[in-house]
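Work through the exercises below with the structure open beside the text. Each task is followed by its solution.

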Amino acid sequence: MQIDPSLQWLLAITLVVYLVAMYAIGWYAQRQVHDAEDFLVAGRKLPLSLAWMTLLATWFGAGTMLTAADEVRSDGLSAAALDPFGAGFCLLIAGLFVAGPMWRMKLLTVPDFFRRKFGSKAELLSSLILVPSYFGWIAAQFTALAEVLNLFFGIPFGWGLVIVAIIGTGYTLMGGMWSVTLTDAVQISLVLIGLLVLGVVVLWELGDGNAWTGLTRVQKDSAPEMLTIIPTESFASLIGWIGVFAIGALGNLPGQDLMQRVFAAKSERTAKWACLIAGVMYLLFGAIPLLLALAGNLLFPEDMNTKILPALAHAFLHPVVAVIFLVALLSAILSTIDSAILSPASVLAQNVFPRIGKIDTLTSNRVAVLLVAICSLVLAFFGESAYALLEEAYLLTMVGLFVPMMIGLYSKPASGRAANVSMLVGTGIWAIHFAMNWETFLPTVGWLETLQLPLSLMATACAALAYFCWQWPWRIEWTRESEPEA
């Protein structure tokens with residue numbers, strides 16, 4: 001896709017102004033940071049307006065704006081099971097069942113929860129699972145934004161990755177959660193406005209001057225299989241879709257990025273409503289890129305090699321408006337990058353580094369931010385597709401942490417060993433399949449090959465089975481020791 005030189009210059013100047021503004025906000029936020037609680041959870045002072053906006057901005061990134069749209073353009077709406085459908089429902093589930101009890105515990109990180117419920121070994125094990133799970137997610141954002149820079153400025157992909165990593169890491173270092181939250185509020189506002197404008201303009205063009213006619217055309221002229229959200233033509237396709245949906249809906253419930261914003265809310269009620277509002281907004285606005293992807297099939301039926309949203313913006317928006325949308329697109333990815341970097345860095349600084357030696361808390365948090373960014377950048381250079389990286393990131397936390405977290409949240413565990421076994425079993429099964437490049441559960445074993453059981457569901461079920469099998473003997477032993485002697 002050829003980009004007009006005047007549009008390149010206008011976009012470049014606008015991006016420089018935008019980045020200066022973001023760094024100014026980061027510098028202002030730095031003055032609010034006095035201790036680790038300020039850096040990690042914004043002093044637990046976020047009002048509802050900022051809480052739901054930073055939640056939405058955290059997840060509304062490359063997965064929704066670019067990769068999910070391109071997957072839907074290729075395979076139809078069923079390809080959106082992970083994002084936005086699964087991720088949107090995850091926020092709703094969090095608001096209904098998780099945010100309240102987690103906020104009341106006054107934690108800083110998810111491994112703090114595992115320490116309090118299951119002991120220090122569970123804290124360390126959950127940290128070792130949680131931190132690497134973010135590298136793929138961050139790498140997906142680096143990859144997507146580097147591709148956009150290559151598309152519009154011709155910047156080589158490798159250099160684009162480095163530039164993106166430096167920019168995204170910079171203002172995260174300054175103010176921590178305060179910096180992330182304030183920049184998120186600005187960025188998500190740009191994203192939502194830009195999406196609405198592009199959606200209306202594209203439908204207007206598709207409908208020859210009538211947006212409603214354009215929407216009707218998408219429904220009438222798209223192939224029926226492209227409009228199918230839940231495939232039911234076979235058991236394998238249905239169970240596969242459920243498995244991917246479950247990764248999005250359940251996989252990020254133990255995520256530090258989600259819980260960090262729950263912990264930062266000023267009240268339990270704020271934490272719950274922030275998740276619910278963000279979930280509804282995520283599903284509503286997440287549907288726009290999917291709609292635009294289907295419209296792109298009708299407008300550009302032969303050009304399937306470029307990212308559809310930037311292509312539509314370049315084709316149908318006035319250059320000034322196109323620049324605004326592209327800045328909004330970059331904002332969506334940057335807002336996810338800073339949040340995704342801060343989350344595992346918080347776990348490293350709070351739950352891992354203290355085991356190595358005594359370090360100043362704020363210093364250790366900033367060192368952890370740099371370490372996470374570097375590891376994610378290295379992973380991005382391996383070149384795996386953004387969508388695959390995103391899916392693996394959700395899957396690891398689902399199979400490793402979801403079961404013990406939910407059990408610990410609603411019960412009083414008799415022993416921490418069951419949680420440790422559960423985490424090891426779930427993560428071990430995932431690791432074996434990842435090493436063997438098996439996409440489904442035990443795909444090479446006889447009749448299981450025809451069923452194509454999803455790894456996400458089966459590994460999580462094995463983790464639950466391991467927990468209860470180990471917990472039962474320990475609970476009997478604990479009960480017997482507690483009984484008074486006759």
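**Exercise 1: Two helices**

Task: In this predicted model, find how the axes of helix α5 and helix α12 are oriented to each other.

Solution: Start with the two elements: α5 covers residues 81–104 and α12 covers residues 268–299. Their axes come within 8 Å and cross at roughly 180 degrees. Angles over 145 degrees count as roughly antiparallel. Therefore α5 and α12 are roughly antiparallel to each other. As for the residues in this contact of α5 with α12, 18 are nonpolar, five are polar and four are charged.

**Exercise 2: The whole chain**

Solution: The C-alpha trace spans about 90 × 60 × 40 Å along its principal axes. Among contacts with a separation of 6 or more, 82% join residues 24 or more positions apart.

**Exercise 3: One residue**

Task: Is Gln260 buried or exposed, and which residues does Gln260 touch?

Solution: First place the residue: Gln260 lies in helix α11, residues 256–264. Buried means under 20% relative accessible area. Gln260 has 0% relative accessibility, so it counts as buried. Leaving out residues up to four places away in sequence, Gln260 touches Leu40, Val41, Met177, Leu342, Ser343 and Ser346. Across the chain, 58% of the 486 residues count as buried.

Methods: Residues are numbered from 1 along each chain as its sequence is written. This is a predicted model: local features need pLDDT of at least 70, side-chain atom pairs count only at pLDDT 80 or more; totals for chains, interfaces and linings use all residues. Side-chain values use heavy atoms; hydrogens and water are left out. Axes are lines fitted to C-alpha atoms, for helices over the stretch in contact, and angles run from 0 to 180 degrees between N-to-C directions. Helices (H or I, at least four residues) and strands (E, at least two) are DSSP runs, numbered from the N terminus. Angles under 35 degrees count as roughly parallel, over 145 as roughly antiparallel, 65 to 115 as roughly perpendicular and the rest as oblique. Ala, Val, Leu, Ile, Met, Phe, Trp, Tyr, Cys and Pro count as nonpolar, Asp, Glu, Lys and Arg as charged, and the others, Gly among them, as polar. Buried means under 20% relative accessible area, exposed over 50%, partly exposed in between (1.4 Å probe, protein chains only). Contact means heavy atoms within 4.5 Å.
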